[in-house]
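The sequence and the model are shown next.

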Amino acid sequence: MPRRLPPLSALRFFEAAGRLCSFKLAAAELNVTPSAVSHGIVGLEQTLGVDLFVRGPRGLSLTPEGADYLLYVSEALSLIATATQRLPGGPDGRGISVSCAPTLASRWLLPRLHGFRARWPDVHISLDTSQRHVGFPVDGFDFAIRMARGVVPSASWTRLFSEELVPVCSPAYRAALPQADGRIDLRQATLIHVDLASEDWQAWLDAAGAAAPHDLALAGGLRFDTIQLAFEAAAAGLGVALGRRPLVNRDLAAGTLVALDLPAIPAETAYWLVGSESVARRSELLAFRDWVVDEARAFAG
């Protein structure tokens, strides 16, 4: 016996209203009237026999049942959209969607994309740098480039390259730093932290051992959410950041940043290319995967 499903239009109304917590905003997004959204959701609640929203004087909120149902409906609609886009005649049939951390995207991936585009001019690239967790195939991405520790036991994961952590700052900031026993006194510096980095000053301090000051204060300093901003802050003379070779190599070569005479520590994490299950079924995805791996080997080599 076939399953009885609620109308797709009502589910779309519910997903938008639940995500936005507003019938008015959902109506604007779907290009319908707020009344249509409200009536559609009332009909859905009657069909399901459960209240999905609490309609109060302070606005709209999901009931516990509605919040749980929204998770499933959102994933189901996302899967339908992804499957539709993947059809040979669909709008994204020759597109590649990539999720990548912002600093790696701007410093490594974007400067090289012209090489792939020269070989595959009809394939368009969509790049997302939001750093959110990517779920395959729900989020619609073909690839994600992420940091991970050690070997990941999956054929869909391909190691690209690792990093080396080295303290860096502007030439002027280094010249102004006091010295102790003929060496830069890092305890007198403003440390620049990256809150979202998997390895930052604590990892460097632990690995540097006796070569680093044992009483280095890590609580203060400046904090940013991307490596790129940390590099820019260091170049502006605001303090000392952890440079990440090879991503910081161009700054060191240009002289906007200089490496301090302190240990360079191999990072425990590495960049990995993660692919969706659809990679093997599409020639442009296979070509992109091979191209990224070749570029990473040349870059790290």
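A residue counts as buried under 20% relative accessible area, as exposed over 50%, and as partly exposed in between, with a 1.4 Å probe and protein chains only. The model is predicted, so local features need pLDDT of at least 70 and side-chain atom pairs count only at pLDDT 80 or more, whereas totals for chains, interfaces and linings use all residues. Residues are numbered from 1 along each chain as its sequence is written, and side-chain values use heavy atoms, with hydrogens and water left out.

**Overall composition**

The protein has eleven helices and 13 strands; these are DSSP runs numbered from the N terminus, with helices (H or I) of at least four residues and strands (E) of at least two. Of its 301 residues, 42% count as buried. Contact here means heavy atoms within 4.5 Å. Among contacts between residues at least 6 apart in sequence, 73% join residues at least 24 apart.

**Strand 6 and its partners**

Two strands are taken to pair if DSSP finds at least two bridges between them. Strand 6 (residues 157-169) is joined to strand 13 (residues 265-275) by seven bridges, and the two run antiparallel. In this pairing serine 162 stands opposite alanine 270. Strand 6 is also antiparallel to strand 11 (residues 240-245), with five bridges between them; there valine 166 faces glycine 243 as its opposite residue. A further antiparallel pairing, over two bridges, links strand 6 to strand 12 (residues 258-259), where cysteine 169 stands opposite valine 258.

**Aromatic pairs**

Rings of Phe, Tyr and Trp (its six-membered ring) pair if their centres lie within 6.5 Å; planes under 30 degrees apart count as stacked, over 60 as edge-to-face and the rest as tilted. By this rule there are 14 aromatic pairs. In one of them, the rings of phenylalanine 161 and tyrosine 271 have centres 5.3 Å apart and planes at 55 degrees, so the pair is tilted. Because phenylalanine 161 lies in strand 6 and tyrosine 271 in strand 13, the pair ties together parts that are 110 residues apart in sequence. Phenylalanine 161 is buried, at 2% relative accessible area, and tyrosine 271 is buried as well, at 4%. One aromatic cluster is formed by Phe116, Trp120, Phe143, Phe288 and Trp291.

**Helix packing**

How are helix 1 and helix 3 oriented to each other? Helix 1 (residues 8-20) and helix 3 (residues 34-48) pack at about 110 degrees, with their axes 9 Å apart. The axes are lines fitted to C-alpha atoms, for helices over the stretch in contact, and angles run from 0 to 180 degrees between N-to-C directions. Angles under 35 degrees count as roughly parallel, over 145 as roughly antiparallel, 65 to 115 as roughly perpendicular and the rest as oblique; the two helices are therefore roughly perpendicular. Ala10, Leu11, Phe13, Phe14 and Ala17 of helix 1 meet Ala36, Val37, Gly40, Ile41 and Leu44 of helix 3. By class, this contact has nine nonpolar residues, one polar and no charged residues, where Ala, Val, Leu, Ile, Met, Phe, Trp, Tyr, Cys and Pro count as nonpolar, Asp, Glu, Lys and Arg as charged, and the others, Gly among them, as polar.

In helix 9 (residues 227-235), the buried residues are Ile227, Gln228, Ala230, Phe231, Ala233 and Ala234. These residues pack against helix 5, strand 6, strand 9 (191-194), strand 10 (222-224) and strand 11.

**Backbone and loop features**

| Residue | Phi |
|---|---|
| Cysteine 21 | about 55 degrees |
| Asparagine 31 | near 60 degrees |
| Glycine 237 | about 85 degrees |

Cysteine 21 lies in the loop between helix 1 and helix 2 (23-30) and is partly exposed, at 41% relative accessible area. Asparagine 31 is found in the loop between helix 2 and helix 3 and counts as exposed at 71% relative accessibility.

A cis peptide bond joins arginine 245 and proline 246, with omega about 10 degrees. Proline 246 is placed in the loop between strand 11 and helix 10 (249-254).

Leucine 110 lies in the loop between helix 5 (102-109) and helix 6 (113-119) and is partly exposed, at 45% relative accessible area. Leaving aside neighbours within four places in sequence, leucine 110 is in contact with Ala105 and Leu127. The C-alpha atoms of leucine 110 and leucine 127 are separated by 9.4 Å, and the two residues are 17 apart along the chain.
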